[in-house]
Amino acid sequence: CIQQALQHNLDIPIQRYNPQIYRYDLRAASGGYDPTFNISGVHNYNDQPSGSFNQYSTNAIPPRETKSDSINSGLGGTLPWGLQYDLSGSVADTTSSSDPESTGGNIGVNLTQPLLKNFWIDSTRLNVRLAKNQLHSSEQGLREQIITSVTAVANAYYELIYAQDNVQVQQQALELAQTQLEQDKQRLQIGTLAVLSVQQDESQVAQSKANLIAAQSTLETDQNTLKNLLTDDYAKWHDTDIQPTATLIAPTQSFDLQESWRKGMSERPDLLQSRLDVERQGIQLKYDRNQLFPELDLVGSYGFNGQGTEYQDTFRKFNTGKTPFYSYGAQLSIPLSNVNARNNYKSAKVTLQQLLLELKQFEQNVMVEIDNAGKQAQSDYQSVEATRQARIDAEAALDAEQKTYAVGKATTFEVLQYQNDLTTARSQEIRALADYNEALANLAAQEGSTLQRYGIDVTP
């Protein structure tokens with residue numbers, strides 16, 4: 001049933017999409033490091049008419065026609081440690097009616113390295129780290145859903161066994177009541193029993209039939225509950241009759257509270273998600289703290305110029321490297337108030353303190369939940385033995401009462417009462433067995449050890 005649920009339970013694939021979504025988000029955040037390439041080509045034409053500097057000037061400016069074709073390209077981006085780079089190059093060919101044709105251009109690189117603000121962490125690194133955190137949190141969310149679904153399957157499975165066994169108990173009760181009615185009808189015919197006793201028997205039979213009908217209805221409902229957990233096509237499973245191969249037993253299990261707490265602190269997905277929430281806020285706090293610093297950047301550039309009458313002359317100058325240009329220095333930018341950054345940092349710091357307290361509270365609640373689940377499992381185990389003994393005693397009591405009734409020293413009402421007591425004891429015994437097995441499954445869920453308990457590997 002667990003294997004079937006892992007493959008077809010609808011809650012699990014719905015939750016399984018979240019890690020995929022956050023994995024895409026992580027890749028999108030890493031896109032901040034993608035370089036950007038650009039290229040452009042421009043043709044310029046400029047026709048200047050003749051003229052003079054002023055009305056008294058004798059030096060006229062001759063007309064001039066200028067044409068130019070230029071190509072510009074660049075490759076820029078940011079590296080994971082915050083270095084911004086811009087590789088660029090441009091060439092242009094210019095012709096003029098007054099000057100000979102010429103070409104020129106340059107190629108080079110511009111670099112900017114933050115030293116204070118955006119040095120430890122910038123917006124891109126922030127987004128990448130937050131996306132990784134969300135991805136890990138979604139993976140824990142998937143584990144939690146699997147644990148929830150598997151626990152629900154286990155409990156529904158035990159409930160189905162209980163419902164089937166309870167139908168048998170009610171059938172046995174009906175058989176006892178019918179046997180008693182048949183025997184009392186014979187006694188009535190020979191005059192050794194009053195009509196009232198037979199009427200009591202008939203009432204018992206009617207009540208037993210009603211109890212059996214209710215038990216059968218519960219069985220059908222429990223079947224549907226389990227089917228819903230096992231399939232993504234309920235219509236196909238609607239007419240399927242599920243027959244559990246297991247029986248209700250009470251396996252002996254040692255309860256070690258310290259070990260259960262250790263498992264819960266290290267394995268419970270919702271607790272691990274809360275710790276990831278704290279980690280995520282710590283990342284945000286680190287970023288907000290770095291934004292308090294002024295911008296101090298190292299800047300530099302280096303490249304080569306080219307000049308000639310044709311394009312090949314310009315490119316030849318690039319290759320020779322004899323006409324370099326370079327620059328280096330630093331630039332400082334200090335916000336005068338920095339109100340936004342300071343208050344963002346204070347808010348993030350207080351939020352982190354709040355999350356730490358919530359995490360501490362959550363850890364304490366987990367310990368209490370595990371403790372309660374362990375105590376419930378121990379109590380249910382003790383109930384199994386107690387109800388088993390009660391059932392044995394009820395069987396013995398009914399047997400003794402029937403013998404007493406056979407010699408005329410007991411009434412029909414008393415026998416029927418002992419029959420009811422036996423039915424109740426039988427029902428309570430199988431109820432205790434189901435409760436104990438469900439308590440073990442719930443304890444594993446509280447510990448976060450469900451996957452280990454059933455040998456389930458969810459490694460991607």
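Is Asn-338 buried or exposed, and what is its relative accessibility?

Modeller: Asn-338 counts as buried, because its relative accessibility is 16%. The cut-offs are these: buried is under 20% relative accessible area, exposed is over 50%, and partly exposed lies in between, with a 1.4 Å probe and protein chains only.

A word on the basis. This is a predicted model, in which local features need pLDDT of at least 70 and side-chain atom pairs count only at pLDDT 80 or more, while totals for chains, interfaces and linings use all residues. Residues are numbered from 1 along each chain as its sequence is written, and side-chain values use heavy atoms, without hydrogens or water.

Back to Asn-338. It sits in the loop between β8 (324-333) and α9. Helices (H or I, at least four residues) and strands (E, at least two) are DSSP runs, numbered from the N terminus. The phi of Asn-338 is near 55°, a positive value in a residue other than glycine. Most residues other than glycine have a negative phi. Asn-118 also has a positive phi, near 70°. Asn-118 is in the loop between β6 (102-114) and α3. With a relative accessible area of 22%, Asn-118 is partly exposed.

α9 gives the most to the lining, with 5 residues. By type, the lining holds 6 nonpolar, 6 polar and 7 charged residues. Here Ala, Val, Leu, Ile, Met, Phe, Trp, Tyr, Cys and Pro are nonpolar, Asp, Glu, Lys and Arg are charged, and the others, Gly among them, are polar.

Now the rings. The whole structure has 7 aromatic pairs. One of them joins Phe-119 and Trp-120 edge-to-face, at 5.8 Å centre to centre and 75° between the planes. Rings of Phe, Tyr and Trp (its six-membered ring) pair if their centres lie within 6.5 Å; planes under 30 degrees apart are stacked, over 60 edge-to-face, the rest tilted. Phe-119 is partly exposed at 35%, and Trp-120 is partly exposed at 39%. Another edge-to-face pair is Phe-315 with Phe-318, at 5.9 Å and 80°. Those two are separated by about one helical turn, because they are 3 residues apart in helix α8 (residues 311-320). Phe-318 is buried at 8%, whereas Phe-315 is partly exposed at 41%. Ring pairs also link Phe-119 and Trp-120 with Phe-293 into a cluster.

Last, α3 (residues 123-189). Gln-140 lies in this helix. Gln-140 is buried, at 15% relative accessibility. Neighbours within four places in sequence aside, Gln-140 is in contact (heavy atoms within 4.5 Å) with Pro-269, Leu-272, Gln-273 and Leu-276.
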